[in-house]
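Have a look at the sequence and the model first.

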Amino acid sequence: MKEPTKSAVCPRCGQTYHGAPALSRRDNETLICPDCGTREALESIGVSTAEQDEILATIHRYQQP
């Protein structure tokens with residue numbers, strides 16, 4: 001049986017999210033939303049904020065509802 005989806009508030013962006021959190025690369029302790037986790041990973045390889053926005057929009061477009 002599938003576990004119920006839990007929601008939490010991301011300490012980095014303040015948004016409510018559902019599902020599995022990401023572990024922040026900044027301190028390896030804080031649980032953040034998947035979008036902030038993706039942003040931190042992209043920042044670490046020098047991807048601009050504008051391109052991060054495009055990547056996240058693409059991810060959201062193709063995620064299962």
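A pocket here is an open set of grid points where a 1.4 Å probe fits, with protein on both sides within 12 Å along at least five of seven lines. In this predicted model, the largest pocket has a volume of about 220 Å³.

Which residues line the largest pocket? They are Gln15, Thr16, Tyr17, His18, Cys33, Pro34, Asp35, His60, Gln63 and Gln64. By class, the lining divides into 3 nonpolar, 6 polar and 1 charged. Strand E2 (16–18) and H1 are the elements that give two or more residues to this lining, and the largest share, 3 residues, comes from E2.

Now for the overall layout. The protein chain has 2 helices and 4 strands, and along the sequence they follow the pattern β-β-β-β-α-α. Taken along the principal axes, the C-alpha atoms fill a box of roughly 40 × 30 × 20 Å.

How do the two helices meet? The axes of helix H1 (residues 34–44) and helix H2 (residues 49–62) come within 10 Å and cross at roughly 135°. The crossing of H1 and H2 is right-handed.

| Helix | Residues in the contact |
|---|---|
| H1 | Asp35, Thr38, Arg39, Leu42, Glu43 |
| H2 | Thr49, Gln52, Asp53, Ile55, Leu56, Ile59, His60 |

Taken together, the residues of the contact of H1 with H2 divide into 4 nonpolar, 4 polar and 4 charged.

Conventions. Residues are numbered from 1 along each chain as its sequence is written. This is a predicted model: local features need pLDDT of at least 70, side-chain atom pairs count only at pLDDT 80 or more; totals for chains, interfaces and linings use all residues. Side-chain values use heavy atoms; hydrogens and water are left out. Axes are lines fitted to C-alpha atoms, for helices over the stretch in contact, and angles run from 0 to 180 degrees between N-to-C directions. A crossing is left-handed if the near helix is turned anticlockwise from the far one by less than a right angle, and right-handed if clockwise. Contact means heavy atoms within 4.5 Å. Ala, Val, Leu, Ile, Met, Phe, Trp, Tyr, Cys and Pro count as nonpolar, Asp, Glu, Lys and Arg as charged, and the others, Gly among them, as polar. On a 1 Å grid over the protein atoms alone, a cavity is a set of points where a 1.4 Å probe fits but cannot get out, and a pocket is an open set with protein on both sides within 12 Å along at least five of seven lines; lining residues have an atom within 4 Å of a point. Grid points are joined across faces, edges and corners, and a volume is the space filled by probe spheres set on the points.
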